[in-house]
Amino acid sequence: AVWGDARWAYLQAADLFVLPTQSENFGIAVLESLHVGTPVLTTNETPWRDHSFVQGIHICEPTLTSLETSLMSLLNRKVSDWSESDRNTLASWADARFSWPRLVNDYLSAYARAKGGNTATAK
């Protein structure tokens with residue numbers, strides 16, 4: 001495990017982040033990898049399957065065979081040749097979709113609905 005600020009350099013230096021899981025509610029480490037532009041491979045048992053259209057997000061079945069096939073395919077496509085431009089595009093997508101300034105009004109609205117009040121917005 002790599003914790004704190006050390007994880008950013010670690011994730012950014014990686015050619016690929018792999019989260020092989022049979023059940024994951026979100027996978028914050030996937031988002032952290034995306035935020036630094038590192039492509040990811042995870043399973044269709046995560047919400048990331050909904051973003052499989054994004055270049056750099058790779059989805060497989062949660063089986064050893066599917067994971068092995070996906071890894072070999074990515075290696076054959078030379079995921080290590082992922083360019084700086086590709087990394088910047090992926091990081092920009094993640095930031096535009098999942099940054100706190102983007103999400104704060106969604107959270108405020110959800111809490112207001114749960115409370116039974118009007119939709120709130122951040123100022």
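Predicted model: local features only at pLDDT ≥ 70, side-chain atom pairs only at ≥ 80, totals over all residues.
Student: What share of the residues counts as buried?

Tutor: Buried means under 20% relative accessible area, exposed over 50%, and partly exposed in between (1.4 Å probe, protein chains only). Here 34% of the 123 residues are buried. The C-alpha atoms fill a box of roughly 55 × 30 × 30 Å along the principal axes.

Student: How should I read salt bridges, and how many are found in the whole structure?

Tutor: Side chains of opposite charge can pair when their charged atoms come close. The criterion is a side-chain nitrogen of Lys or Arg within 4 Å of a carboxyl oxygen of Asp or Glu. A search of the whole structure gives two.

Student: Where does the salt bridge of Glu-32 and Arg-7 sit?

Tutor: In this pair the closest N and O atoms are 3.0 Å apart. Glu-32 belongs to helix α2 (residues 28-35) and Arg-7 to helix α1 (residues 6-13), so the bridge ties together parts 25 residues apart in sequence. Glu-32 is buried, at 17% relative accessible area.

Student: And how are Asp-106 and Arg-102 placed in helix α5?

Tutor: They are four residues apart in that helix, which means a separation of about one helical turn. Their side chains form a salt bridge at 2.6 Å, N to O. Asp-106 is partly exposed at 41% relative accessible area, and Arg-102 is also partly exposed, at 34%.

Student: Which residues make the nonpolar surface patch?

Tutor: Such a patch takes residues with over 30% relative accessible area and no salt bridge, joining nonpolar side chains (Val, Leu, Ile, Met, Phe, Trp, Tyr) within 5 Å, while like charges are joined within 9 Å. Trp-100, Tyr-107 and Tyr-111 make one of about 430 Å². Accessible areas come from the Shrake-Rupley method with a 1.4 Å probe, and for residues only the protein chains shown count as cover. Tyr-111 lies in helix α5 (residues 100-115) and is exposed, with 58% relative accessible area.

Notes
Residues numbered from 1 in each chain as written. Heavy atoms only, no water. Helix = DSSP H or I, 4+ residues; strand = E, 2+ residues; numbered from the N terminus.
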